[in-house]
Amino acid sequence: MAKERTLSIIKPDAVEKRYTGKIIDHLLREGFDILAMQQIHLTTAQAEGFYAVHRERGFFRELVTFMTRSPVVVLVLEAENAIQKYRDVIGATDPAQAAEGTIRKLYGTSKGENAMHGSDSPENAAVEIGYFFPGYVIAPRS
Ligand code: CMP
């Protein structure tokens, strides 16, 4: 199984509740390596661009308003099979449906305020990593 990279966002609800440290610890204990990380307060244009694929969805405006409410923490994570592994670790989109012990079950409150974002495919991960870390060269790990 090859190493993969995925983009992770700790969303405003979780940052506001000061869960950042607990969530990063959870990710490290699951075996993810952190290749890059930044805390930023997204502009409306940045959030709209990031979620452009959801533009026509009924929840789009609510999603953009939420994601720009306060800072987020954006991380590039690496692990074997990182895309699927990360999705397993964060759990289902709706925290009420998420498995026990997953990050969304532990720290999310609703489908919108669900603590974490994760890339859903290697192709989208590459696009999403480039969105937040444009031109960023992540040095090969020795
Ligand atoms: P995320 O992984 O960030 O990708 C798109 C987001 O849209 C998703 O997590 C949810 O937080 C959000 N979302 C999906 N469905 C709804 C909904 N019905 N109402 C509000 N937000 C939603």
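## Ligand surroundings

A residue counts as near a molecule if one of its heavy atoms lies within 4 Å of that molecule. In this predicted model, local features need pLDDT of at least 70 and side-chain atom pairs pLDDT 80 or more, whereas totals for chains, interfaces and linings use all residues. Numbering runs from 1 along each chain as its sequence is written, and side-chain values use heavy atoms, without hydrogens and water.

The residues around the ligand include Lys-11, Tyr-51, His-54, Phe-59, Arg-104 and Gly-112.

## Polar contacts and burial

A polar contact is a pair of N or O atoms within 3.5 Å. One oxygen atom of the ligand lies 2.8 Å from a polar side-chain atom of Lys-11. For Arg-104, a side-chain N or O atom is 3.4 Å from a ligand oxygen atom. At Gly-112, a polar backbone atom is 3.4 Å from an oxygen atom of the ligand. The ligand taken alone exposes 460 Å², of which the protein buries 81% (Shrake-Rupley method, 1.4 Å probe).

## Salt bridges

A salt bridge places a side-chain nitrogen of Lys or Arg within 4 Å of a carboxyl oxygen of Asp or Glu. The count is seven. Arg-29 and Asp-25 form a salt bridge, with their closest N and O atoms 2.7 Å apart. These two residues are four apart in helix H2 (residues 20–29), so about one helical turn separates them; a helix is a DSSP run (H or I) of at least four residues.

Conventions. Polar contact = N/O pair within 3.5 Å; in protein donor to acceptor, adjacent residues only side chain to side chain.
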